[in-house]
Amino acid sequence: MSTARTGVGEDMKQSFGFEKVEDGNKQQKVDAVFHHVAKRYDIMNDFMSAGVHRAWKQAMVAQLNPPKRGNWRSLDVAGGTGDIAFKIVEASGRNVHTTVLDINGSMLEVGRERAVKNGLIDNLDFVEANAEELPFEDNSFDAYTIAFGIRNVPDINKALREARRVLKRGGRFMCLEFSEVDVPFLEQFYEAWSFKVIPPVGKMVTGDAQPYQYLVESIRKFPNQKDFAAMIETADFERVTYRNYTGGIAALHSGWKL
């Protein structure tokens, strides 16, 4: 399979990193990766972003700006360990409710344990389901968030349509994802860091480099900022924008259901 980024009009259904897989097989392979790394997921993101992912996530929640009232609901997809959901609840003064959805039960188990430990369980519920087939009624949520997860969804276009379906009118879609670096020196450094450092360090920590190899390859295959913004617009979101973080290593995309 080509190592080039996926463009508009293409999909990642057969892309497991740089490996081409049969239709229907990607999800099973992705699940295996996250079962393997669930208990070390935050450490993994620290490696992949040199720890900066924590600031990016905080910035995402600040942009979302959840209200201090209790009749507001958000859905955090691919958020099994609870990182974004916890920040949303805390930013609201523990007034809002967030549903954490993930297809991977191991990730959700980690999130539930952390929610209980942090005294946040009353503001959260955890649902094991697929981002391509959300088990919720139309117009159910005020916000939909997904951080570093959408590139692992086989049918991204379908997931975007589902995101819009479950949002209320006036609801906001926000996606934080690794993206295309637009600073030449930083691009060269990040490419070397991703492919020469992260997999061997991952092997040192977990005993297996393969999950980390997939994750850096999946980043490299994901559509760049403009192409992904076009996909969000194709799903009928309006006022679509994106903001680069750290020279484009990550980008925060936003769209509204109006």
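This is a short chat about a predicted model of a protein.

Me: Starting simple: how many helices and strands are in the protein?
Reply: The protein has 9 helices and 9 strands.

Me: And what share of the residues count as buried?
Reply: 54% of the 258 residues count as buried.

Me: What about contacts, how much comes from residues 24 or more positions apart?
Reply: Taking contacts with a separation of 6 or more, 74% are between residues 24 or more positions apart.

Me: Switching topic. Where does UniProt place the "binding site" feature?
Reply: The UniProt entry, which is unreviewed, puts that feature at T81, D102, N130 and A131.

Me: Let's take T81. Which elements does its loop sit between?
Reply: T81 is in the loop that runs between β3 (73–77) and α4 (83–91).

Me: Is T81 buried or exposed?
Reply: T81 is buried, because its relative accessible area is 5%, and the cut-off for buried is under 20%.

Me: OK, and where is N130?
Reply: N130 belongs to the loop between β5 (124–128) and β6 (141–147). With a relative accessible area of 22%, N130 is partly exposed.

Me: Which residues does N130 touch, leaving out those up to four places away in sequence?
Reply: N130 touches Q27, L101 and I103.

Me: What lies 2.9 Å from a polar atom of the N130 side chain?
Reply: That would be the backbone nitrogen of E132.

Me: How do α3 and α4 pack?
Reply: Helix α3 (residues 53–64) packs with α4 at an angle of about 45°, and their axes are 10 Å apart. The two are therefore oblique to each other, and the crossing is right-handed.

Me: Which residues make that contact?
Reply: From α3 there are H53, R54, K57, Q58, M60, V61 and L64, and from α4 there are D83, I84, K87, I88 and A91. Among these, D83, I84 and I88 are also on the buried list for α4.

Me: What about α6 and α9, at what angle do they cross?
Reply: The axes of α6 (residues 156–166) and α9 (residues 225–234) cross at roughly 50° and come within 9 Å. So this pair is oblique as well, and its crossing is right-handed. I156, N157 and L160 of α6 make the contact with F228, M231 and I232 of α9.

Me: Where is N65, and is it buried or exposed?
Reply: N65 lies in the loop between α3 and β3. N65 is exposed, at a relative accessible area of 56%.

Me: And F148, what is its phi?
Reply: The phi of F148 is near 55°, again a positive value in a residue other than glycine. F148 is in the loop between β6 and α6.

Me: Why does F148 count as buried?
Reply: Because its relative accessibility is 3%, while buried means under 20%.

Key: Residues are numbered from 1 along each chain as its sequence is written. This is a predicted model: local features need pLDDT of at least 70, side-chain atom pairs count only at pLDDT 80 or more; totals for chains, interfaces and linings use all residues. Side-chain values use heavy atoms; hydrogens and water are left out. UniProt positions are given in the numbering used here, feature names are shortened, and annotations may be inferred rather than shown by experiment. Helices (H or I, at least four residues) and strands (E, at least two) are DSSP runs, numbered from the N terminus. Buried means under 20% relative accessible area, exposed over 50%, partly exposed in between (1.4 Å probe, protein chains only). Contact means heavy atoms within 4.5 Å. A polar contact is a pair of N or O atoms within 3.5 Å; within protein, one must be able to donate a hydrogen and the other to accept it, and residues adjacent in sequence count only if both atoms are side-chain atoms. Axes are lines fitted to C-alpha atoms, for helices over the stretch in contact, and angles run from 0 to 180 degrees between N-to-C directions. Angles under 35 degrees count as roughly parallel, over 145 as roughly antiparallel, 65 to 115 as roughly perpendicular and the rest as oblique. A crossing is left-handed if the near helix is turned anticlockwise from the far one by less than a right angle, and right-handed if clockwise.
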